[in-house]
Amino acid sequence: MDCITEVPPSRWRFEDYYVPDRSLQGVHFSKWGGFIEGVDEFDPRFFNISPREAKVLDPQERLFLTHSWQALEDAGYSRSRLQDLSTGEGLGGQVGVYAGVMYGEYQLLGAELSLQGERMGIASSVASIA
């Protein structure tokens, strides 16, 4: 899947920043970026996450949670089945999640917002994905 597209209008108007003249300083020379569809469709309450916390949750974490749950459902597991001790499967809520991930820089959004006068600390860590 290729996620590189022109900046979608729903994200920001690249026309307000984009200048094709590379001899200028302090402007953007690109109108392209990596954008993942559906990242704004995350249901925080389903995962017992407050909407306030979800607002600053790394989009990669949102997608990981959503797709992990879809994988469990596709395999025939439900929340109650994973917690049920009487199934004979011995799961009883003892379910582990292992994820191989790379570094993330989403916490830099908090630094950028703070520089703009909107103080915000984003405690983003890929370790929280699992």
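**Aromatic pairs in a predicted model**

At 24% relative accessibility, Tyr18 comes out as partly exposed. Keep in mind that this is a predicted model. Its chain runs to 130 residues, of which 18% count as buried, and the structure holds 5 aromatic pairs.

**The Trp12–Phe35 pair**
- Trp12 and Phe35 pair up edge-to-face, with 5.7 Å from centre to centre and 65 degrees between the planes.
- This pair links distant parts of the chain, its two residues being 23 apart.
- Trp12 sits in the loop between strand E1 (4–6) and strand E2 (32–34), while Phe35 is in the loop between E2 and helix H1 (51–55).
- Phe35 is buried, at a relative accessible area of 11%, whereas Trp12 is partly exposed at 43%.

**The Phe14–Tyr18 pair**
- Phe14 and Tyr18 have ring centres 6.1 Å apart and planes at 75 degrees, so this pair counts as edge-to-face too.

**The aromatic cluster**
- Phe42, Phe46, Phe47 and Trp69 come together in one aromatic cluster.

**The chain overall**
- You'll find 4 helices and 2 strands here, and along the sequence they follow the pattern β-β-α-α-α-α.
- Take the contacts between residues at least 6 apart in sequence: 41% of them join residues at least 24 apart.

Notes:
Residues are numbered from 1 along each chain as its sequence is written. This is a predicted model: local features need pLDDT of at least 70, side-chain atom pairs count only at pLDDT 80 or more; totals for chains, interfaces and linings use all residues. Side-chain values use heavy atoms; hydrogens and water are left out. Buried means under 20% relative accessible area, exposed over 50%, partly exposed in between (1.4 Å probe, protein chains only). Contact means heavy atoms within 4.5 Å. Rings of Phe, Tyr and Trp (its six-membered ring) pair if their centres lie within 6.5 Å; planes under 30 degrees apart count as stacked, over 60 as edge-to-face and the rest as tilted.
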